[in-house]
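Please open the structure in your viewer and keep the selection tool at hand. The stops below go from one selection to the next, with a short account of what is found at each.

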Protein chains: 2
Amino acid sequence: MKRRKFLKGAVAGGVAAAAGTVSAPAISKSIKQLKMVTCWPKNFPGQGTGAERLARRINTMSGGRLHVKVYAAGELVPAFQSFDAVSQGKAEMCHSASYYWQGKSPAFNFFTAVPFGLTGNEHYAWMHWGNGMKLWTELCDNFDLVPFMRASTGVQMGGWYRKEVNSLDDYKGLKFRMPGLGGEVLRRLGATVVNLPGGEIFPALQAGTIDGTEFVGPFNDLAFGFYKVAKFYYWPGFHEPGTVGEVLLNKKVWTSLPKEHQEIINVAVDAEAMLEYAEFNYKNGDALDVLLNKHGVQLRKFNDDLLKEFGKATEEVVAEIGSKDPFTKKVYESYLAARKKLSGWSALGEQGYMNARSLLKL
Amino acid sequence: MKRRKFLKGAVAGGVAAAAGTVSAPAISKSIKQLKMVTCWPKNFPGQGTGAERLARRINTMSGGRLHVKVYAAGELVPAFQSFDAVSQGKAEMCHSASYYWQGKSPAFNFFTAVPFGLTGNEHYAWMHWGNGMKLWTELCDNFDLVPFMRASTGVQMGGWYRKEVNSLDDYKGLKFRMPGLGGEVLRRLGATVVNLPGGEIFPALQAGTIDGTEFVGPFNDLAFGFYKVAKFYYWPGFHEPGTVGEVLLNKKVWTSLPKEHQEIINVAVDAEAMLEYAEFNYKNGDALDVLLNKHGVQLRKFNDDLLKEFGKATEEVVAEIGSKDPFTKKVYESYLAARKKLSGWSALGEQGYMNARSLLKL
């Protein structure tokens with residue numbers, strides 16, 4: 001058996017010798033190319049750079065036998081066509097967030113973020129040790145997709161306001177940018193909710209077309225310069241307490257991969273769940289310092305009455321979403337049960353501890 | 001070139017074809033065996049099962065070319081000889097916790113848990129995006145070891161008490177089991193601190209040889225049955241707010257591995273940081289339910305005065321540890337700066353959000 005012939009046989013069986021020991025034509029046949037479309041601009045801090053790291057790690061671990069190539073939003077398909085592109089096989093995988101696909105099923109909301117829902121850590125617990133992954137996999141199967149839970153970007157800030165808000169009266173007619181379920185909550189409380197893509201927010205705030213906006217957290221918000229045109233930075237963000245990203249693979253592509261390559265992708269995405277979450281926490285800390293100490297941003301905490309009103313409206317909105325169809329209801333109920341159990345433990349654990357630490361004024 | 005000869009050549013170059021396509025003698029030569037000693041009993045829930053999962057994932061991702069075999073504590077070496085065994089090359093890697101090696105350098109404390117220190121998420125942020133990994137790698141290099149940050153087991157509970165504690169007077173002469181820096185804090189406050197291995201705690205509590213004990217959290221504590229002999233379960237645990245595990249590799253072994261195998265190990269351990277942390281959060285939630293609703297355990301919160309006293313003594317103890325030598329001082333200062341920044345962000349982020357959610361009484 002000649003070397004070339006052996007390699008060819010190995011390739012046909014889904015197995016190839018590592019690069020560096022084989023000749024060029026053999027290599028090119030042995031590499032599985034995976035186009036990964038994303039919902040982010042090229043190297044967008046956090047999510048875009050995370051997509052590049054994920055690709056690099058998969059490529060390295062597979063000894064080059066997998067080659068994931070990252071496409072920024074719009075390079076191959078527009079951001080919000082990522083799901084369809086992967087479902088239809090135009091791309092092999094995407095780096096995105098589940099709630100973008102809520103038009104296909106309201107259940108997708110629960111796999112990213114729910115107002116007054118799970119934190120990042122709680123979400124991870126529900127997904128991997130409760131029923132989350134099982135339900136999500138079942139949902140995605142309808143679209144020939146296999147889902148992987150990526151990273152939480154942490155708790156979002158409540159947003160940038162040009163004027164202070166102290167009661168529900170201050171929301172009547174307030175023109176505020178907030179997408180998704182959180183936006184629906186504010187709409188019910190009397191706000192005029194608008195949705196604007198990232199790049200259009202700053203000019204709208206500056207021109208007074210809107211009175212305020214939420215975006216992400218200090219790390220991403222600082223770069224957009226909102227502090228220049230709205231001086232009150234409110235916390236906490238009730239609307240997205242643990243925004244969790246995803247990677248989706250085309251199911252046919254997934255099942256065609258040998259077990260070792262499946263595991264490389266699976267584990268690499270798991271690792272992002274830690275690394276990117278940690279990045280947001282660290283860089284939010286850095287950016288908060290800059291906002292407060294260099295740009296004189298004024299922090300404001302939503303008062304308890306307002307938070308309770310947000311909470312009441314939230315429970316209504318989420319219950320409506322959660323009863324739209326039988327499958328979504330199943331997801332909603334699993335999510336509610338997980339929230340009850342996990343927030344009960346958090347109250348004694350991380351929440352309880354952090355409140356104790358705050359007594360020390362370190 | 002014959003198939004057998006090609007494979008032999010490939011093996012010599014550190015590269016091998018995947019198992020399943022080659023004959024047995026060739027396979028045995030192409031597999032890199034890695035003995036992983038651990039500090040846990042076989043399949044100890046959480047950490048022991050996590051070691052098995054880590055090995056399985058590394059073995060799968062490498063297509064069998066790496067073969068990690070897990071040894072329970074005592075199988076190859078006793079738990080607390082793991083570090084030396086790997087440093088000296090008797091085992092290739094270990095699954096352990098850095099603070100076990102504080103006898104070798106007090107700096108090792110900071111890479112696992114510090115009373116009133118970083119939570120799991122904050123620790124991950126410091127390690128991967130601040131200076132933590134860099135400093136730890138420098139420290140381990142003195143022992144021919146390469147460190148990898150594994151998982152946080154979450155915030156520990158304050159412990160099991162036979163009688164309620166309301167003021168410092170209640171600690172005078174109290175016989176309490178708590179290892180490490182937390183134990184030193186209680187000792188300074190007048191307690192008689194003892195250290196007992198897991199299996200000896202229950203009989204000591206039952207016999208009244210000790211008045212109370214901390215252990216881990218609901219998930220691990222439930223199995224040990226402490227609720228049968230001490231009815232008050234205190235929170236929050238100030239002493240270990242985010243106990244983070246490690247994997248250590250012998251440096252010569254590490255540098256001998258091809259880049260793809262290095263990345264497989266690196267990424268697999270990163271993934272554990274998410275998965276095992278999530279497991280502890282989920283199963284702590286489950287176990288807490290059982291303890292409260294089935295076994296009638298009575299939760300008690302340390303009062304604010306006590307927490308402040310714990311805090312004062314903690315800052316002294318940690319400052320002393322942190323000034324024992326110039327390198328440890330560098331680590332201590334980096335840790336303090338990270339705590340200031342990251343707890344500032346947590347206060348607005350996860351802590352702020354969870355406190356808001358608590359207003360809703362879900």
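How many residues does the contact take from chain A and from chain B? In this predicted model, 78 residues come from chain A and 78 residues from chain B.

Begin by selecting the side of chain A that touches chain B, where the elements giving two or more residues include helix 1 (3-12), helix 3 (47-61), helix 5 (120-129), helix 12 (304-321) and helix 14 (350-358) of chain A. Helix 11 of chain A contributes the most to this side, with 22 residues, and if you colour the side by residue class you will find 38 nonpolar, 22 polar and 18 charged residues.

Next, select helix 13 (residues 326-348) of chain A together with helix 11 (residues 259-293) of chain B, whose axes lie 8 Å apart and which pack at an angle of about 90°. Since angles of 65 to 115 degrees count as roughly perpendicular, the two helices are therefore described as roughly perpendicular to each other. Show the side chains of Lys341(A), Leu342(A), Gly344(A) and Trp345(A) on helix 13 of chain A, and of Asn281(B), Asn284(B), Gly285(B), Asp286(B), Leu288(B) and Asp289(B) on helix 11 of chain B, which together make this contact. By class, the residues of the contact divide into 3 nonpolar, 4 polar and 3 charged.

Stay with helix 11 of chain B and follow it onto the sheet, where helix 11 of chain B lies across strand 2, strand 4 and strand 10 of chain B and runs at about 25° to strand 4 of chain B. The sheet itself is open and mixed, with 5 strands of chain B in the order 2-1-3-10-4, and its edge strands are strand 2 (66-71) and strand 4 (145-152) of chain B, each pairing on one side only. From one strand to the next the twist averages 20°.

Within this sheet, select strand 1 (residues 32-38) and strand 3 (residues 93-96) of chain B, which run parallel and are joined by 3 bridges; Thr38(B) stands opposite His95(B) here.

Finally, return to chain A and select its open, mixed sheet of 6 strands in the order 7-6-8-5-9-11. Strand 7 (192-194) and strand 11 (298-301) of chain A each have a single partner strand, so one side of each is left without a neighbour in the sheet. Strand 6 (residues 175-177) of chain A runs parallel to strand 7 of chain A and is joined to it by 3 bridges, with Lys175(A) opposite Thr192(A).

Terms used: Residues numbered from 1 in each chain as written. Chains lettered and ligands numbered in written order. Predicted model: local features only at pLDDT ≥ 70, side-chain atom pairs only at ≥ 80, totals over all residues. Axes fitted to C-alpha atoms, helices over the stretch in contact; angles between N-to-C directions. Helix = DSSP H or I, 4+ residues; strand = E, 2+ residues; numbered from the N terminus. Parallel < 35°, antiparallel > 145°, perpendicular 65-115°, else oblique. Contact = placed C-beta atoms within 7 Å. Nonpolar A, V, L, I, M, F, W, Y, C, P; charged D, E, K, R; others polar. Pairing = 2+ DSSP bridges.
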